[in-house]
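I opened this notebook to keep track of what I looked up and in what order. The entries below begin with charged side chains and then turn to a single helix.

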Amino acid sequence: MGRLPFIRENFKKGIKVQQVVDSTGYSRTLIERRYKEAMGYSIHKALHDAKLEYAQKLLISTNLSVGEIAKLSGYSSEEYLYRIFRTEVNMTPIDYREKGV
């Protein structure tokens, strides 16, 4: 099943779980439960992971600024991307880029 097509096509727009749910036509409770049963993780995690993976890809493959990457990846701000990187990757986006992880 993988990520829902709606997530793959729209995560860069900074969508939230409710927008994913609304795209299905089902109740939030139902879609979140079925997604978690099928995937083993929540829709929120799928969105989070998609944005982080894309930001990591852009850091390695482009010379775009961290601010531009944050925007292109669907993050609300450069500061938020820094916070996510420190929490999830244990380094800043700049360190990640320099290490070529």
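This is a predicted model: local features need pLDDT of at least 70, side-chain atom pairs count only at pLDDT 80 or more; totals for chains, interfaces and linings use all residues.

Entry 1. Residues are numbered from 1 along each chain as its sequence is written, and side-chain values use heavy atoms, with hydrogens and water left out.

Entry 2. I searched the whole structure and found three salt bridges. One of them joins R33 to E37, with the closest N and O atoms 3.7 Å apart. Both residues lie in helix α3, four residues apart, or about one turn of the helix; helices here are DSSP runs of H or I with at least four residues, numbered from the N terminus. R33 is partly exposed at 44%, whereas E37, at 58%, counts as exposed.

Entry 3. I then looked up E32 and R28, whose side chains meet in a salt bridge at 3.4 Å, N to O. They too belong to helix α3, where a spacing of four residues separates them by about one helical turn. E32 is partly exposed at 29% relative accessibility, and R28 is partly exposed at 37%.

Entry 4. In helix α4 I found D49 and K45 four residues apart, about one helical turn, and their side chains form a salt bridge of 2.8 Å, N to O. Here D49 is buried, with a relative accessible area of 18%, while K45 is partly exposed at 38%. I wrote a reminder beside this entry: an α-helix has 3.6 residues a turn, so residues three or four places apart point the same way.

Entry 5. Which residues of helix α2 are buried? In this helix, residues 17–24, I found V17, V20 and V21 buried. They line one face of α2, because their directions from the helix axis to the C-beta atoms fall within an arc of 95 degrees. I next asked what they pack against, and found α1 (5–10), α3 (28–39) and α4 (43–61), contact meaning heavy atoms within 4.5 Å. Just after α2, I noted that G25 takes a positive phi of about 85 degrees.

Key:
Buried means under 20% relative accessible area, exposed over 50%, partly exposed in between (1.4 Å probe, protein chains only). Helices (H or I, at least four residues) and strands (E, at least two) are DSSP runs, numbered from the N terminus. A salt bridge is a side-chain nitrogen of Lys or Arg within 4 Å of a carboxyl oxygen of Asp or Glu.
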